[in-house]
Amino acid sequence: MPRDYAARLVSNERLTEDVADLRFELAGQPKTAGTEPRALPEPGREQALHTLFNHNPLTLRPGQFAHLAAPGVFLRRPISIAGFDPAANLVRFIIRLVGEGTRNLAMLKPGGTTKILLPLGNPFPLDSSGDIWLVGGGLGVAPLLYLAKTLSGTVRGLRSFLGFGDERSVFGAQEMNELSEMTLDIGGFITDRVTGALTSKRPDVIFSCGPKPMMGALKKICAARRVPLYVSLEERMGCGVGACLVCSCAVHGTAGYRRVCRDGPVFGAEEVVLS
Ligand SMILES: Cc1cc2nc3c(=O)[nH]c(=O)nc-3n(C[C@H](O)[C@H](O)[C@H](O)COP(=O)(O)OP(=O)(O)OC[C@H]3O[C@@H](n4cnc5c(N)ncnc54)[C@H](O)[C@@H]3O)c2cc1C
Ligand code: FES
């Protein structure tokens, strides 16, 4: 069940000119969605309340996202979980500054507070412990960092393919390289690298997040080789919890449309229309 947490910014680091790495500490006492912000108690008391009342420890799975209240804008902004430290109740978001909401979030200083509704959406299905490949383009690398951290050392083989438009937009590559066997492509098509790698090896599953054309190309590559592919989609969102239909995406078959926030954001690639 998603809960609305009061959250305190712990660190705010620039990874590139327009990408920020924000880590928030979630206050232990959960709030109900839609209510006003409350003052955060002192850290010691918060921890005691958390231990006392939170019988179900928070679980955040790779692929899930959160709805962040951004100062100065009305609607919340959906952002993928890029990391989670349950012991410290610390959630990580990697955010590209594209408009007012994301810019205002990135202007928060450590100690600043906001509200975060999470966990939202369905995660990547982690039912294979074999050879797993991750394919990320641009900001799509953010959720894959958490996925790589979760899978690293627990599966037979973990490879990652990261694509960025230019040198200045690269982030997370060093971290990904420590977690997996990484291929980095700058300025080309990361899907070409995947095609090349598939000539000598076939993974059990590929997980991907990035621009739709990239995932569309990957879908064709995987379909031709019968490699299962899961993609994480992005659509503009309103409510974030399945009520407003703003985030609908086209799917094959009679269903027509599905909600990215509630039915996704992770879908089997064969289900969704990616072109
Ligand atoms: C499930 C999900 C996970 C996401 N994860 C991340 C993440 O980890 N890091 C990150 O930086 N961004 C992520 N996004 C995109 C992020 O939500 C938007 O960039 C953000 O809401 C823009 O808000 P804004 O006020 O800054 O810009 P706005 O002023 O609202 O918009 C600026 C520009 O961004 C475009 N845009 C806005 N929202 C979206 C959207 N949802 N999808 C595609 N384009 C959009 C607008 O069309 C416009 O061109 C995610 C989106 C979804 C749906
Ligand atoms: S954002 Fe409202 S249904 Fe998905």
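Q: Which element gives the most residues to the shell around ligand 1?
A: This model is predicted. The elements that each give two or more residues to the shell are β4 (77-80), β6 (90-96) and α2 (100-106). With 4 residues, the one that gives the most is β4.

Q: Between which domains does ligand 1 lie, and why?
A: Residues from two domains take part in the shell around ligand 1. Because both of them contribute, the ligand lies between domain 1 (3-120) and domain 2 (131-268).

Q: How many residues of the shell around ligand 1 are nonpolar?
A: The shell also holds 4 polar and 6 charged residues. Of the 22 residues around ligand 1, those that come nearest are Arg77, Ser80, Gly99, Gly101 and Thr102. The nonpolar count in this shell is 12.

Q: What span should helix α6 have?
A: Now to a helix, α6, which covers residues 212-225. It has 14 residues, counted at 1.5 Å a residue.

Q: Where on α6 do the buried residues lie, on the same side or on opposite sides?
A: The buried residues of α6 are Met214, Met215, Leu218, Lys219 and Cys222. They cover an arc of only 140° around the axis, so they lie on the same side of α6.

Q: Which residues of α6 are exposed on the other side?
A: The buried residues of α6 pack against β8 (131-137), β9 (157-164), α5 (190-198), β11 (205-209) and β12 (229-232). On the other side of α6, the exposed residues are Ala223 and Ala224.

Note on methods. Residues numbered from 1 in each chain as written. Chains lettered and ligands numbered in written order. Predicted model: local features only at pLDDT ≥ 70, side-chain atom pairs only at ≥ 80, totals over all residues. Near = placed C-beta within 6 Å. Nonpolar A, V, L, I, M, F, W, Y, C, P; charged D, E, K, R; others polar. Domains from an automatic or database assignment. Expected span 1.5 Å × (residues − 1). Buried ≥ 20, exposed ≤ 12 C-beta atoms within 10 Å, placed from the backbone. Arc of directions from axis to C-beta. Contact = placed C-beta atoms within 7 Å.
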